[in-house]
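Please look through the sequence and the model below before reading on.

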Amino acid sequence: MKFNIEAPKEDIKALLVEKIDNLNKPKGSLGRLEELALQIGLIQQTLSPTLSHPCHLLFGGDHGIEREGVSASPRDVTWQQMINFTKGGGGVNMLCRQHGFKLHIIDMGIDHELTAYPTIINRKIAYGTKNFLYGPAMTEEEFDQAISTGKEMTDRCSEEGCTVICMGEMGIANTCPSSIWMSLFGNIPLSECIGAGSGLDNEGIRHKKNVLKNALDRFNARSCQTIDAIRYFGGFEMVGAIGAMLRAAEHHMIIMVDGFIMTACMLAASRLYPNILHYAVFGHCSGESGHRRMLDCMNAKPLLSLGMRLGEGTGALCAYPIIESSVRMMNEMNNFDNAHITKYF
């Protein structure tokens with residue numbers, strides 16, 4: 001798995017700062033919009049950035065660890081929701097319609113036959129991952145296939161002219177690998193990384209902690225590389241998202257990052273290729289326990305904090321108008337000279 005991810009060139013930075021500071025407003029008065037405009041200008045290497053053909057990739061997959069009773073939702077919900085998405089009835093559908101995103105629904109490894117639904121892109125690797133309580137969730141070949149599929153999906157969007165891309169997931173129990181990645185890659189005690197997921201009660205959370213502790217105890221983290229930990233615990237939909245993120249950074253796209261699961265994927269990706277963080281815009285701090293701390297591992301400042309914990313990419317999609325406002329600021333606001341306003345700083 002090789003990607004060529006470079007930090008955006010800084011040559012244009014002074015010109016971007018000058019343009020932002022000379023818009024007809026008090027310097028710094030548009031706060032995060034100004035920070036976003038600078039970031040996006042650097043990503044696109046232009047003083048007039050654009051948001052074209054926004055795409056949303058929704059990866060679906062089931063997890064062997066779900067068999068240990070670590071989720072309040074049964075695994076059947078994964079395939080049932082995927083079918084619901086094809087009918088336009090999910091939260092992700094509503095937000096994609098609202099903000100003009102093209103939705104791609106990808107079966108990475110759902111434990112159900114979905115070939116009867118042509119709008120679901122069939123890239124099924126297996127009918128769910130293996131149970132990582134007893135061994136690796138996927139083989140090296142399956143890992144490579146998931147990464148390649150993620151790359152393929154991003155390439156598909158890039159060919160359509162996409163400059164801003166969002167990833168989401170559907171996979172019951174995927175807070176489990178996310179919590180373990182948070183612990184391993186953030187050097188945080190596992191107990192502080194585990195929350196209610198889709199709605200566990202206190203007893204359910206306690207059971208989940210015990211299962212994940214046992215799984216982590218059997219994994220020799222000290223002798224393994226980052227990529228080994230990703231493969232050992234990850235879901236097909238999560239590894240697909242990592243591949244999509246890494247490829248998006250290669251294409252110099254804006255990568256919108258959703259809640260707990262997708263932040264864990266970005267954390268994993270950043271441990272492989274640190275420069276990917278230059279391309280990431282963190283949309284939302286979710287209601288899942290530990291998400292804020294995981295964001296802190298990357299010095300990430302999410303745009304929103306709405307208490308959401310649905311997944312699917314919904315939190316990131318809600319943040320899109322803020323990204324759009326930052327680009328409109330660069331392209332539509334006047335400057336002091338053209339507006340004939342006295343510059344007072």
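Is Asn 131 buried or exposed? Asn 131 counts as buried because its relative accessibility is 16%, where buried means under 20% relative accessible area, exposed over 50% and partly exposed in between, with a 1.4 Å probe and protein chains only. This is a predicted model, in which local features need pLDDT of at least 70 and side-chain atom pairs count only at pLDDT 80 or more, while totals for chains, interfaces and linings use all residues. Residues are numbered from 1 along each chain as its sequence is written, and side-chain values use heavy atoms, with hydrogens and water left out.

Asn 131 sits in the loop between β3 and α5 (140-159); helices (H or I, at least four residues) and strands (E, at least two) are DSSP runs numbered from the N terminus. Its side chain makes a polar contact of 2.7 Å with the side chain of Glu 68. A polar contact is a pair of N or O atoms within 3.5 Å; within protein, one must be able to donate a hydrogen and the other to accept it, and residues adjacent in sequence count only if both atoms are side-chain atoms. Leaving aside neighbours within four places in sequence, Asn 131 is in contact (heavy atoms within 4.5 Å) with Gly 64, Ile 65 and Glu 68.

Arg 75 lies between β1 and α3 (76-86). The side chains of Arg 75 and Glu 66 make a polar contact at 2.8 Å. Not counting residues up to four places away in sequence, Arg 75 touches several residues, including Asp 62, Asp 111, Tyr 127 and Ile 172.

Now the sheet. Six strands form an open sheet, with parallel pairing, in the order β3-β2-β1-β4-β5-β6; two strands pair if DSSP finds at least two bridges between them. β3 (120-122) and β6 (280-282) are at the edges, each with a single partner strand, so one side of each has no neighbour in the sheet. Direction ignored, neighbouring strands are turned by 30 degrees against each other on average.

Strand β1 (residues 55-61) pairs with β2 (residues 102-109) over seven bridges, and His 56 has Leu 103 in β2 as its bridge partner. β1 also pairs with β4 over six bridges; there, Gly 60 is partnered by Met 170. In a regular strand the side chains alternate between the two faces of the sheet. In β1, Cys 55, Leu 57, Phe 59 and Gly 61 point one way and His 56, Leu 58 and Gly 60 the other, and all are buried. Further along, three bridges join β4 (residues 164-170) to β5 (residues 254-257), and Ile 165 stands opposite Ile 255.

Ile 165 and Ile 255 return in the largest nonpolar core, of 107 residues, where they are among those with the most contacts, along with Phe 132 and Trp 181. A nonpolar core is a set of buried Ala, Val, Leu, Ile, Met, Phe, Trp, Tyr and Cys residues joined through side-chain atoms within 4.5 Å. Helix α9 (residues 236-250) gives the most to this core, with ten residues. Apart from this core lies another, of nine residues, among them Ile 12, Leu 33, Leu 42 and Met 330.

Technical notes: Axes fitted to C-alpha atoms, helices over the stretch in contact; angles between N-to-C directions.
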